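Keep the viewer open as you read.

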Amino acid sequence: MLNIDFKLLFDTDSFVETLAYISGDGSQSDAINGCFTGYGTIANRLVFTAVDSGEKHTVVHGTNFVKKVVRTIEAASVHRAPFILCLLGSYFDVSAGASSLAAYSELIASVKRASGVIPLIFVSGGECYGIDSVLASMFDFAFLCGNDSTIAAASDTAVNISSGRFENSNMLKFDASHTASCSAAVSGSYIDPDELKNALSDLFEYLPDSAFSGTPSLRTTDQSDRFDDHDRDIDTSLKGRDLLRSICDNNTFYEISGDFCPGTITCFGRVYGITAGFICFDSGTTEGLIDIRSLEKMIRFLKFCVSFGIPVVKLIDFTG
């Protein structure tokens, strides 16, 4: 479990807590406050968030937890702003009964309603298993933060039990790099909160506020030099990421799911200040081959770009 002061991911003094009067998990009289919600700015962009307070204890997702998350997603949708859900080591307790199951179904329905309307970002700072991993896969982007963060269908202990093996659970401990390389749903993996903060700030430079915002562009009123380099020379012999750098403004782009099928590249970049999605291939890695996993990665990226009106450029830089 990673100790993240999530407020530090926001711009200085910009975070405002909401729904502070709703506490506990809704099922136990002595339950602790398992979730805080609020809004602030990241890279000067309005962002809503819900975070479990798992840095000192394991949080059970009860009805109040879900109520706060759902209301915050709804607020983000109304204000047409991105939403971040961060789980640091909490879990959903099926034994809490039908009320918790019903509440969690509403959470999934809330995420589905917001999908394609506002950008949805999931952050795992601990062990994210079972129904929470399903929830993570519904988000547009999912990030791992910390060496032990996971997004997996089953825990290592469950794998041991189901396979009849009862070794120390650490024998099968998942790590962030392994998880990120095995799922198209994982957008990136970072060691510490500082790396995560930089990644989120960079991502928000490319994301639209909502599906109603239009194609995002560089946030500046000075457009005088936008087309100054319209005669820029592009070396067509370049491949993969080198080709992308030659095309994108300032020779920079933001790659999505770089650890998963690295031979297939999905990323955001700007051309003359306008954000675009790029799909290209590192033929030195793929040898001109595209498999099912690569297609999953491309489809997931394309769905987001289509939903938010982001133009997509596909670079065919190999013949196989």
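What share of the contacts in the chain with a separation of 6 or more comes from residues 24 or more positions apart? The share is 67%, where contact means heavy atoms within 4.5 Å.

## The chain as a whole

This is a predicted model, in which local features need pLDDT of at least 70 and side-chain atom pairs count only at pLDDT 80 or more, while totals for chains, interfaces and linings use all residues. Residues are numbered from 1 along each chain as its sequence is written, and side-chain values use heavy atoms, with hydrogens and water left out.

The chain holds 9 helices and 13 strands; these are DSSP runs numbered from the N terminus (helices H or I, at least four residues; strands E, at least two). Of its 320 residues, 48% count as buried (under 20% relative accessible area, with exposed over 50% and partly exposed in between; 1.4 Å probe, protein chains only).

## An open sheet

Follow the order β1-β2-β3-β4-β5-β7-β9 and you trace an open sheet of 7 strands with mixed pairing (two strands pair if DSSP finds at least two bridges between them). At its edges are β1 (16-18) and β9 (188-190), each pairing on one side only. From one strand to the next, the twist averages 25°.

Within this sheet, β4 (residues 83-87) and β5 (residues 120-124) run parallel and are joined by 5 bridges. F83 stands opposite L120 in β5. Helix α6 (residues 193-204) lies across β2, β3, β4, β5, β7 and β9, and runs at about 160° to β7 (axes are lines fitted to C-alpha atoms, for helices over the stretch in contact; angles run from 0 to 180 degrees between N-to-C directions).

## One side of α7

Helix α7 (residues 240-247) has G240, L243, L244, S246 and I247 buried. They share one side of α7 because they cover an arc of only 160° around the axis, taken from the directions from the helix axis to the C-beta atoms. The buried residues of α7 pack against β10 (253-256), β11 (264-271) and β12 (274-281).

## A buried serine

Now look in the loop between α6 and α7, where you will find S210. S210 counts as buried because its relative accessibility is 1%. A polar atom of the S210 side chain lies 3.1 Å from the backbone nitrogen of F212. Leaving aside neighbours within four places in sequence, S210 is in contact with R80, V117, I118, P119 and F308.

Technical notes
A polar contact is a pair of N or O atoms within 3.5 Å; within protein, one must be able to donate a hydrogen and the other to accept it, and residues adjacent in sequence count only if both atoms are side-chain atoms.
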